[in-house]
Amino acid sequence: MSAALSLFAETLPVVPTQDTKIVKRWQLAGDPHGVAVGPDGTLYVGLAQPQAVVAIDAKSGNVKKKVILDSAEIASTKELVTLRISGSRLFIANGSDESATILSLPDLAVLREITMEGEPIRDALPDPRGRYLYLLGRRVHVYDGNGERELHALDVSEPTAIAATAKTLAVVASEGTVLFDTNTFVEMGRTKTSGPTDVALFAKDALVTLSRDDVCLPVGSGPQIATLAPNNVLLFAERRCDASSALAGGGHVTPVSLYGVNAYALAFDRAANALVTTERAGYLTIYKVPRAAVAH
């Protein structure tokens with residue numbers, strides 16, 4: 001792996017807007033993908049060009065730190081599909097680079113890179129208790145929490161989404177959803193799915209899934225296009241469209257759509273009660289949390 005830390009004074013350009021839903025919007029070059037909110041409110045964004053992670057002050061737009069994970073000169077293809085935080089570590093799924101990266105916070109030092117030859121990694125999901133790291137490839141690979149040892153490769157072919165509680169791991173595939181006990185990784189049950197699933201998450205113990213066939217998710221968005229706010233409010237970005245159907249498991253959540261936003265990823269900032277989004281067109285935006293779902 002090659003990682004070089006770049007420290008420099010830079011403030012993101014502010015994008016003027018008349019949209020009353022927007023708290024702040026900055027221009028962010030580099031094809032922004034995954035996003036996460038740190039314990040201190042710092043925004044972490046993955047850039048596909050130049051394959052980097054930037055730490056941004058949410059109040060000023062100042063770039064606090066930047067780490068280059070790989071350079072284009074070595075033909076690496078890190079897409080930084082998802083960024084997820086657990087404790088003092090940032091877990092990154094690198095997509096077609098067939099790898100995942102673990103960084104320490106707040107210094108963004110590379111702790112480990114996991115390579116899965118022949119398997120694009122579409123999500124790197126830490127266990128809520130910090131015991132495991134789940135990698136979504138052609139199968140779901142279960143690593144120890146530090147990413148040092150593979151413990152299991154779960155026998156579900158071509159999974160499309162994963163979600164986890166402290167007790168249960170849900171693996172969603174075209175053949176159905178398989179639930180595993182996270183103490184033993186013994187299969188607990190299977191349910192059929194009506195079609196492809198793009199996003200899965202748990203609202204307490206209820207599994208909620210979103211499909212592009214039912215909800216107008218932005219074209220090309222990543223697995224972080226939906227998140228939960230307090231009181232089981234499901235926040236998701238939605239492109240403009242003629243109609244959306246009900247969410248699977250939707251009776252357990254209150255769906256709230258950020259309608260008309262072509263986001264790639266979003267993250268909920270609990271301390272600020274705000275929604276942070278990235279757009280591949282080159283924007284990082286903080287929105288007020290929408291108050292009601294919009295029916296179309």
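Here are some friendly questions and answers about salt bridges in this predicted model.

Me: How many salt bridges does a search of the whole structure find?
Reply: Good place to start! A salt bridge needs a side-chain nitrogen of Lys or Arg within 4 Å of a carboxyl oxygen of Asp or Glu. Searching the whole structure this way gives a total of 13.

Me: Which residue forms a salt bridge with Arg 280, and how many residues apart in sequence is the pair?
Reply: The partner is Asp 31, with the closest N and O atoms 2.8 Å apart. Arg 280 sits in the loop between strands S25 and S26, while Asp 31 sits in the loop between strands S2 and S3. The bridge therefore ties together parts of the chain whose separation in sequence is 249 residues.

Me: Where in the chain is Glu 148, the salt-bridge partner of Arg 112?
Reply: The two side chains meet with an N to O distance of 3.7 Å. Arg 112 belongs to strand S10, and the pair is 36 residues apart. Glu 148 lies in the loop between strand S13 and strand S14.

Me: Asp 127 forms a salt bridge with Arg 131; is Asp 127 buried or exposed?
Reply: The closest N and O atoms of this pair are 3.0 Å apart. Arg 131 has a relative accessible area of 23%, so this residue counts as partly exposed. For Asp 127 the relative accessibility is 1%, and the cut-off for burial is under 20%, so Asp 127 is buried.

Note on methods
Residues are numbered from 1 along each chain as its sequence is written. This is a predicted model: local features need pLDDT of at least 70, side-chain atom pairs count only at pLDDT 80 or more; totals for chains, interfaces and linings use all residues. Side-chain values use heavy atoms; hydrogens and water are left out. Helices (H or I, at least four residues) and strands (E, at least two) are DSSP runs, numbered from the N terminus. Buried means under 20% relative accessible area, exposed over 50%, partly exposed in between (1.4 Å probe, protein chains only).
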